[in-house]
Amino acid sequence: MSLAAAFTLLNPGPPSTSQVLLRWERAVLTVLGHVPPQQPLARHLPEEVLEVFAAPQVLAGQSLAALQARLAEVRSLKAALPKLHRLASWWQGRFEGDLDPLSRFSAEDLRLELRQLRGIGPTLADQLTLYVFDLPVAPLESGLIRITLRHRWTDESTDDEEWQSLFRGAVHQDATSLRNFHAALSPIAKHFCTPSTPQCDNCPLASLLPAAD
Ligand code: SF4
């Protein structure tokens, strides 16, 4: 059994609403930890602060200190605000504030550029590359790695390039399939394939477990 068999088994359909959210809105949701970014930002933030996140130039045009003082009561923003401010400044410089720019990057160039922004680590950079810019990168979250290793679809010596090749190969290379596959695997990692005790009996991927040694 291969990782591609998991993609076939799960047969993930398209996310319901993510396609209609603007890229910038998806970016804000992703940094806030709502991955996949499927619901409007208004579902996650108080109405009175939404205007701050309406466009990159609005966010980037205010000092971080002033924003932190203004939004101090919104707990969900505390850790994310500096990252969002840096991302907005980068976005403003790159796309002149365009909310929904056409992608002008290769997946590899974009994920490496995003990683240069302080506070945006490899996983978040890959989530942004996949869910915001629609480029084929697998976000290597711990849950996905756990599933893949437990099924022996690869081993711990796998490097970053090999991980990407493995996931892209399982979904025939395209970003839409990769996004849908990631969206299907993430809840399995969260609800069944937990770090301490995997709940294999009820897991959708149980039929793909390797034979016991
Ligand atoms: S819980 Fe078990 S069957 Fe499910 S993904 Fe993890 S190892 Fe596989």
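With which residues is Leu128 in contact, once its neighbours within four places in sequence are left aside? In the predicted model examined here, Leu128 is in contact with Ala27, Thr30, Leu114 and Phe133 when those sequence neighbours are set aside. Leu128 also belongs to the largest nonpolar core, a set of 47 residues in which Leu128, together with Ala27, Val28, Val31, Leu84 and Leu87, is among those with the most contacts inside the core. Two or more residues are given to this core by each of the helices α1 (3-10), α2 (23-31), α5 (80-95), α6 (107-115), α7 (122-131), α8 (142-150), α9 (160-170) and α10 (175-191). The core is drawn from both domains, with at least three residues coming from domain 1 (3-14 + 138-208) and at least three from domain 2 (18-131).

As regards the overall fold, the protein contains ten helices and zero strands, and the pattern read along the sequence is accordingly written α-α-α-α-α-α-α-α-α-α. The radius of gyration is 18 Å, close to the 17 Å that the globule rule gives for 213 residues, so the protein is as compact as a globular protein of that length. Taken along the principal axes, the C-alpha atoms fill a box of roughly 60 × 35 × 30 Å. Of the 213 residues, 31% are buried, and among contacts between residues at least 6 apart in sequence, 62% join residues that are at least 24 apart.

The domain assignment divides the protein into domain 1, which is made up of the segments 3-14 and 138-208, and domain 2, which spans 18-131. The centres of domain 1 and domain 2, taken over C-alpha atoms, are separated by 26 Å. Contact between the domains involves nine residues of domain 1 and six residues of domain 2; by class, the side of domain 1 that touches domain 2 comprises six nonpolar, one polar and two charged residues.

Several local features of the backbone can be described individually. Val35 and Pro36 are joined by a cis peptide bond, with omega about 0°, and Pro36 is placed in the loop between α2 and α3 (56-60). Asp134, although not a glycine, has a positive phi of about 55°, and the place of this residue is in the loop between α7 and α8. Because 17 C-beta neighbours lie inside 10 Å, Asp134 counts as partly exposed. A positive phi, of about 60°, is also found at Arg152, again a residue that is not a glycine, and Arg152 lies in the loop between α8 and α9. With 11 C-beta neighbours inside 10 Å, Arg152 counts as exposed.

Glu108 is located in helix α6 and, having 13 C-beta neighbours inside 10 Å, counts as partly exposed. Although Glu108 and Pro136 are 28 residues apart along the chain, their C-alpha atoms are separated by 9.1 Å.

Conventions: Residues numbered from 1 in each chain as written. Predicted model: local features only at pLDDT ≥ 70, side-chain atom pairs only at ≥ 80, totals over all residues. Domains from an automatic or database assignment. Contact = placed C-beta atoms within 7 Å. Nonpolar A, V, L, I, M, F, W, Y, C, P; charged D, E, K, R; others polar. Core = buried A, V, L, I, M, F, W, Y, C linked by C-beta atoms within 7 Å. Buried ≥ 20, exposed ≤ 12 C-beta atoms within 10 Å, placed from the backbone. Helix = DSSP H or I, 4+ residues; strand = E, 2+ residues; numbered from the N terminus. Rg over C-alpha atoms; globule rule 2.2 N^0.38 Å.
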